[in-house]
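Biologist: I would like to learn how to read strand pairing, helix packing and ring pairs from a set of coordinates. Could we work through one example?

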Amino acid sequence: MPELPEVETVKRTLQMLVKGKTIASVSVELPRIIRLPGEPEEFARLLEGQTIRDVERRGKFLRFLLDDLVLVSHLRMEGRYGVFPADAPRELHTHVLFHFTDGTDLRYKDVRQFGTMHLFRTGEEWTNPPLRKLGLEPLEPAFTLAAFTARIAGRSTKIKPLLLNQEVIVGIGNIYADEALFTAGIHPARPANSLSAAELKRLHRAIVATLSESVEAGGSSIKSYVNGQGEMGMFQHQLKAYGRKNEPCGQCGRPIEKTVLAGRGTHYCPHCQPEATRRMKKLRRTAERPHKD
């Protein structure tokens, strides 16, 4: 599934390709992609004559800013956009086509058919699903250490599933959770409330650095991800933990291990990311000592 860096890359590409273009008509080949309004014919009618003023991102969602509407698009597993001449042959699994007045199309292709589109009047997208409950943006100035700590500290949930919770922090999926936790030296199964202030600081810094580096590399092309111009990302060549089961850890040389945590494949180094820190072991020993009457 595209995560923040991949969606950010798609956003930047679409800004170059479709910003300023006017929609002449829309063809919906797979109605269930359109979640709002309920009828695809109404979706198409409302978009006729609208100009794309900008393309933005919120978490893993794209926001197409139109004249007085906002189209919220979620790529989910394998959704992708591409711009083609209107007379170009349609690729298999092309489900929504935006026909522009300049003779080009913006085409949405989705092999798995899990993607969604919601159309709102400008401003209404913030008070309705799917954007209403999204958490902190990790690459925005508001993502301070204090804001991060307030969302994380004190919660008994294991740290990796908490990072994957889009109502806590947006945009982090399986790849970047593993990478940030490896960089911070934190075991993915550690309870969030077991992290020290120093560990929270390291993790905050690792999240920002990992996502920023991936954005600069155009994201990670693990399976089928490409940007709006059909180009692959390159960050997969920099991954230190994710997808490296049994390969030597770049820090200690021991094998990277893989387990399943909250239903997700999870990669980590058991030496560099110990499940029990010295502080936790000390607390356990103290708790286990017999009390004197």
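Biologist: How many bridges join S3 to strand S4, and do the two run parallel or antiparallel?

Modeller: This is a predicted model. Two strands pair if DSSP finds at least two bridges between them. Here S3 and strand S4 (residues 61-65) are joined by five bridges and run antiparallel. One partner to look up is that of arginine 57, which is leucine 62 in S4.

Biologist: What is the strand order of the open sheet?

Modeller: The order of its five strands is S2-S9-S5-S4-S3, and the pairing is mixed. Strand S2 (34-36) and strand S3 (54-58) are the edge strands, each pairing on one side only. On average, neighbouring strands are turned by 25° against each other, direction ignored.

Biologist: Which strands does H1 lie across?

Modeller: H1 lies across S3 and S4, and runs at about 170° to S3. H1 (residues 4-18) also packs with helix H6 (residues 197-216), at an angle of about 40° and with the axes 9 Å apart. That crossing is right-handed. Among the residues that meet are Leu4, Pro5 and Arg12 in H1, and Leu211 and Val215 in H6. The residues of this contact divide into four nonpolar, two polar and four charged.

Biologist: How many aromatic pairs does the structure hold?

Modeller: Rings pair if their centres lie within 6.5 Å. The structure holds four such pairs. One of them, phenylalanine 143 with phenylalanine 148, is edge-to-face, at 5.7 Å centre to centre and 65° between the planes. Both phenylalanine 143 and phenylalanine 148 are buried. Elsewhere, ring pairs link Phe64, Tyr81 and Tyr108 into a cluster.

Conventions. Residues are numbered from 1 along each chain as its sequence is written. This is a predicted model: local features need pLDDT of at least 70, side-chain atom pairs count only at pLDDT 80 or more; totals for chains, interfaces and linings use all residues. Side-chain values use heavy atoms; hydrogens and water are left out. Axes are lines fitted to C-alpha atoms, for helices over the stretch in contact, and angles run from 0 to 180 degrees between N-to-C directions. Helices (H or I, at least four residues) and strands (E, at least two) are DSSP runs, numbered from the N terminus. A crossing is left-handed if the near helix is turned anticlockwise from the far one by less than a right angle, and right-handed if clockwise. Contact means heavy atoms within 4.5 Å. Ala, Val, Leu, Ile, Met, Phe, Trp, Tyr, Cys and Pro count as nonpolar, Asp, Glu, Lys and Arg as charged, and the others, Gly among them, as polar. Rings of Phe, Tyr and Trp (its six-membered ring) pair if their centres lie within 6.5 Å; planes under 30 degrees apart count as stacked, over 60 as edge-to-face and the rest as tilted. Buried means under 20% relative accessible area, exposed over 50%, partly exposed in between (1.4 Å probe, protein chains only).
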